[in-house]
Amino acid sequence: MIQLDRYDSGKLDRARGIVRDLQSVLVAFSGGVDSTLLLKLALDELGDRAVAVLASSPAYPESEQDEAYTRNNPDRCFHCKEELFETLEPIRVELGLQHLAYGATADDAGDHRPGHGSAVRRGVRFPLLEAGMAKAEIRAAARQLGLANWNKPSFACLSSRIPHGTEVTIPALRRIEAAEHAIKLLGLRQVRVRDHGDVARIEVEPQEMSRLLANRERVVQALQDAGYKFVSLDLEGYSTGSLNRTWKPGAAR
């Protein structure tokens, strides 16, 4: 169940002002509510001086950074964002736009967010975060502005389901994808299948656990068909970045 903060027109006005001051911008668009709101503000304030690009990772060229990504060290997201921004920068230059921006939020200022470090290093702008807008506030603003995806569930890349230090492989990603899809077919809103080798650890919202357990046999069969030998339910429930707990400061990067 999504909890909405009150619509904060002051923060949204600050975000509009930040976007307006950019004068022209290339928006890294993911389709989520954060980048959608950012794009909406950019189009409102800058018109045709705002351009969105939707990046698809299979289109990225193979490189040393791909290897760093698949090793899945705690800085995996740094390499992903480095590849993204390196791919988008020539497009920004070609179009004659002054800035590159993405939909980071105030929530991204905490936890372990190496991808955001790449944005800071490269001078990428993040107007929503700069305006102090957290996810719930962004959803409230998006709803107020009539954006259809205001309540779209949060989604992180499938690699975030794999513990740091475990290699990211295509078969593992497809296994996770199949497992989460099977569970979502039950009507559950927020689902993560954390991949621990032969073990699938399912995270859902606490209020949706009863529905999952009511379909226990179906879920177990689907996840075994996906390639897991053992299926477990995390009684703590869905938690963003839960695998960051397995990372110890000072670990290899």
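The following dialogue explains how to read several features of this predicted model.

Visitor: On what basis are the residues numbered and the values computed?

Guide: Residues are numbered from 1 along each chain as its sequence is written, and side-chain values use heavy atoms, with hydrogens and water left out. As the model is predicted, local features need pLDDT of at least 70 and side-chain atom pairs count only at pLDDT 80 or more, while totals for chains, interfaces and linings use all residues.

Visitor: How is the packing of two helices described?

Guide: Two packed helices are described by the angle between their axes and the distance between the axes. Helices (H or I, at least four residues) and strands (E, at least two) are DSSP runs, numbered from the N terminus. Axes are lines fitted to C-alpha atoms, for helices over the stretch in contact, and angles run from 0 to 180 degrees between N-to-C directions. Here, helix α1 (residues 9-22) packs against helix α2 (residues 33-46) at an angle of about 60 degrees, the axes being 9 Å apart. This makes α1 oblique to α2; angles under 35 degrees count as roughly parallel, over 145 as roughly antiparallel, 65 to 115 as roughly perpendicular and the rest as oblique.

Visitor: Which residues of α1 and α2 make the contact?

Guide: Contact means heavy atoms within 4.5 Å. From α1 come L12, A15, R16, V19 and R20, and from α2 come L38, L41, A42, D44, E45 and L46. The residues of this contact of α1 with α2 divide into 7 nonpolar, no polar and 4 charged. In this grouping, Ala, Val, Leu, Ile, Met, Phe, Trp, Tyr, Cys and Pro count as nonpolar, Asp, Glu, Lys and Arg as charged, and the others, Gly among them, as polar.

Visitor: How do helices α8 and α10 pack?

Guide: Helix α8 (residues 170-184) and helix α10 (residues 216-226) pack at about 160 degrees, with axes 9 Å apart. Helix α8 is therefore roughly antiparallel to α10. The contact is made by R175, A178, A179, A182 and I183 of α8 together with V219, A222, L223 and A226 of α10. These residues of the contact of α8 with α10 divide into 8 nonpolar, no polar and 1 charged.

Visitor: Is V27 buried or exposed?

Guide: Buried means under 20% relative accessible area, exposed over 50%, and partly exposed in between (1.4 Å probe, protein chains only). V27, which lies in strand β1 (residues 25-28), is buried, with a relative accessible area of 1%. Not counting residues up to four places away in sequence, V27 touches S35, L38, L39, A42, V51, A52, V53 and A101.

Visitor: What of L128?

Guide: L128 is in helix α6 and is buried, with a relative accessible area of 0%. L128 and K11 are 117 residues apart in sequence, and their C-alpha atoms are 8.4 Å apart in space.

Visitor: How many aromatic pairs are there?

Guide: Rings of Phe, Tyr and Trp (its six-membered ring) pair if their centres lie within 6.5 Å; planes under 30 degrees apart count as stacked, over 60 as edge-to-face and the rest as tilted. By this rule there are 2 aromatic pairs. F85 and Y102 form an edge-to-face pair, 5.6 Å centre to centre with 70 degrees between the planes. F85 lies in helix α4 (residues 76-95) and Y102 in strand β3 (residues 99-102), so this pair ties together parts that are 17 residues apart in sequence. The rings of Y102 and F126 have centres 6.4 Å apart and planes at 85 degrees, so that pair is edge-to-face.
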